[in-house]
Amino acid sequence: MADFEPKIVAFVCNWCTYAGADLTGTSRIKYASNVRIVRFPCTGRIDYMLLLKAFAEGADGIMVSGCHPNDCHYTSGNFHARRRWIMFRSLCDFMGIDTRRIKFSWVSAAEGAKWAEIVNTTVASIRELGPYNEYKLLANKPVKEVTNG
Amino acid sequence: MIIDKWLISKDSLEKLFNVLKKDSKKIYAPVGRNGKISFRETDRFGEIDTGYIQTAQSSKEVVFPRTEKILDYNKNKDGVSVKGFDPGSIPEVVLWGVRPCDAMGIWKLSAIFNWDFKDEIFNTRLSRVTVVGFSCARADEYCFCTSAGGGPGNTEGSDILLTQLGENGDYLAEILTEKGSAIVTIASELFRENTVLNKEQFLADVPVRFDREELRVKLEKIFESGCWTKQSLRCLGCGACAYVCPTCACFDIQDEAHGGSGMRVRCWDSCGFSLFTLHTSGHNPREVQSQRWRQRIMHKFSYMPDRLSVYGCTGCGRCSRACPADMNMLEHLISIQEAEA
Amino acid sequence: MDDLRKRARELLEIRAVNVVIGYEQGTSGRKRAFFAEKPEDAEKLVFDSTCIQNLASYVTKREIRDKGKIAITATLPVMRSIIQLASEHQVDDNNLLVLGITSESRLIEFSNLAEMETFVHQYQIEIDARHREKLEKLEKMTPAERWKFWIDELTPCFKCYACRAACPMCYCQRCTVDFNQPQWIPVPSHQLGNLEWHIMRAVHLAGRCVDCDACYNACPLGIPLNLLTKKMVEDAKSHFGGYQPVLNGEHLMSTYKPDDKDNFIE
């Protein structure tokens, strides 16, 4: 496990977390480089299917982040997103998908330091969990000879 | 066709199973799950269900899997490299516990996959399957094999057909092909000389309910009939009937891509889906369910006999059993004969 | 069910409706959907506890819609489905008349959907004890055990989409699985695609499912896929106080509360 470098995909909103991550950089804060950021107009636009696609394409962990409650650029996008996350996260857990690998956070445009810290702790916890082999196996399994289970 | 008749005792079936297993063959047999019986790979004789009239799914997956790889591709700086079908990847398989209607279904699929184009993948699979058929001692009201050209003891498609001679009795083993003979050769001590002359009395009674030649003639005249709409009002438009059918062979071709590499697969499709005929333009030549239902019947009972000289139905009754809306095939076929043009 | 037959006959005679959707005797003892279009057809209508198919899935079917005004025989889950469909602008009082059937098998006709809504709201959507037990059993497992359970259960799925077809809430002209740009869900049946399809189905039904079990009853392979939607019903209850389909007002998943639980968000 020593040479395992987690691959993490972060789905973030344009107005808060993306700007916050930018601030992390301009503040020259050093933090883990395992995260690939995908920018969205709003957390409300982050389709849960994208999270599943990230796992299917080999992500070991996922981050979802946007504006704090009451700070949404579109007033309520993050509130709607939160409700969906509650249901989706619970369903994932019910189906045995490892929800420890999906980290949700609110990071504002001013919280460059918080972003660095959350990324670092997420990378550390995913490193601890190891590669998400169960999902990778499912996604990479060739079509079985006869798949009638 | 070789016809050779032997007897095998009820207790020897397990031994036969184990001999086949030792012969390093994969064995697919009826196994229950969630109250439904389907063909699954098994290496335990005790797991096999024997009390079924019919399995929920047909055995067609062994020769025509729901999803099968056609090729692998990989894009690189020199272009695209393609790795095609590898016949060596197809295992030797024994299909155990197949009903005569399913065995006939495999033979019908063969007609489809060898019509204008000889399908190498299908033919390779078929060449490596040994079909151990079991005659039917019981039938239910969904069964209509005798109207579809088959019967509860029909030998077509089986390599060896076992018929139990009464409840708890021994089995009559009819050896029908070279593959069937091979089984007797490797397990000769289990088979003994046969003194039974007639298996008919031990078979289920499945009355003939319609004449398919008459039906075919009738279908030519009723393309525009209102009967299609009337029959299919309750059809929900799913693909259950096609996916449990032993002869439905429609498939889709899909690429499963991961970046620059991936595989091309063929997977089942169904004429019951609206998407099946949807054009890129948005036009759908079969835009309502009645047209799709008509296609299903026409294909099986008119187009297939016209083009392939075989009917596309074995009378197994699975579609009727599986239908969530009780679209009963036999009932509809009988009513078509009374429909007005 | 003489009342039902009598009323259906009347409605068809005076052409108040063009079709009455109900149940008739099917094959092998099953009951199935029946569409009475002539007064004499009404004699074929039957009703008993084996009439379990959710008939609301037919009111959005094009060939039924094209017939004009519809009357529908509706048990409680069917009534709930109709309210949800009405709130999603799929049916309204102008094209639908409901012939309700109470839990005591009594005919109760509603002059409009609002009246039916009042009737329906007397009852909550409740997961029955047998299924709650199944849910609890799964919840007690470790995530790895649950993963194995679901992969085992969903692997046989051959994607016939009978669950989708039987569900009155799955009325989309083109389902997400039918799109290929982008291809959200793989077309072939394999383990990954099956998992994604069943997750998608459950999420799209969150806050909309009326818990009628039509999906499970339709599955030709007996996959317990209704446990997923039942879990969503239970979650809606524990997180947001539950839901009822409403003609006017906010849907569970298209609204929010500022104090929705967020202890999992850092």
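In this predicted model, A:Asn70 counts as exposed, with 10 C-beta neighbours inside 10 Å. The residue has a positive phi of about 75 degrees, although it is not a glycine. A:Asn70 sits in the loop that runs between β3 (61-66) and α3 of chain A. The loop between α8 and α9 (214-218) of chain C holds C:Asp211. With 18 other C-beta atoms within 10 Å, C:Asp211 is partly exposed, because a residue counts as exposed at 12 or fewer such atoms and as buried at 20 or more.

C:Pro182 lies in the loop between α7 (162-166) and α8 (191-205) of chain C.

Chain C is divided into two parts, domain 1 (2-120) and domain 2 (129-254). Taken over C-alpha atoms, the centres of domain 1 and domain 2 of chain C are 26 Å apart. The contact between them involves 18 residues of domain 1 of chain C and 14 residues of domain 2 of chain C. On the side of domain 1 that touches domain 2, the elements giving two or more residues are α3 (76-87) and α4 (113-120) of chain C. Of these, α3(C) gives the most, with eight residues. By class, this side of domain 1 of chain C has eight nonpolar, eight polar and two charged residues.

Within chain C, helix α5 (residues 129-140) packs against helix α10 (residues 226-240) at an angle of about 90 degrees, and their axes are 10 Å apart. That angle makes α5(C) roughly perpendicular to α10(C). From α5(C), the contact is made by C:His131, C:Lys134 and C:Leu135, and from α10(C) by C:Leu227, C:Lys230, C:Lys231 and C:Glu234. The contact of α5(C) with α10(C) has two nonpolar, one polar and four charged residues.

A helix pair in chain B was also examined. Helix α5 (residues 212-219) of chain B and α8(B) pack at an angle of about 90 degrees, with 9 Å between their axes. The helices α5(B) and α8(B) are therefore roughly perpendicular to each other. In this pair, B:Arg212, B:Leu215, B:Arg216 and B:Leu219 of α5(B) meet B:Met298, B:Phe301, B:Ser302 and B:Pro305 of α8(B). By class, the residues of the contact of α5(B) with α8(B) are five nonpolar, one polar and two charged.

Elsewhere in chain B, helix α1 (residues 12-22) has the buried residues B:Leu13, B:Leu16, B:Phe17 and B:Leu20. These residues cover an arc of only 100 degrees around the axis, which puts them on the same side of α1(B). An α-helix has 3.6 residues a turn, so residues three or four places apart point the same way. The buried residues of α1(B) pack against β1 (4-8), β2 (26-33) and β6 (93-98) of chain B. Just after α1(B), B:Ser24 takes a positive phi of about 50 degrees.

Chain C is in contact with chain B, 32 residues of chain C meeting 37 residues of chain B. On the chain B side, the elements that give two or more residues are β3 (36-41), α7 (240-244), β11 (251-258), β12 (261-268), α8 (289-308) and α9 (318-322) of chain B. The residues of the side of chain B that touches chain C comprise 16 nonpolar, 12 polar and nine charged.

Chain C is also in contact with chain A, and this contact takes 34 residues from chain A and 34 residues from chain C. On the chain A side, at least two residues each are supplied by α2 (48-56), α3 (77-94), β4 (102-106) and α5 (133-140) of chain A. The largest share of this side, 13 residues, comes from α3(A). By class, the side of chain A that touches chain C has 18 nonpolar, eight polar and eight charged residues.

Notes. Residues numbered from 1 in each chain as written. Chains lettered and ligands numbered in written order. Predicted model: local features only at pLDDT ≥ 70, side-chain atom pairs only at ≥ 80, totals over all residues. Domains from an automatic or database assignment. Contact = placed C-beta atoms within 7 Å. Helix = DSSP H or I, 4+ residues; strand = E, 2+ residues; numbered from the N terminus. Nonpolar A, V, L, I, M, F, W, Y, C, P; charged D, E, K, R; others polar. Axes fitted to C-alpha atoms, helices over the stretch in contact; angles between N-to-C directions. Parallel < 35°, antiparallel > 145°, perpendicular 65-115°, else oblique. Arc of directions from axis to C-beta.
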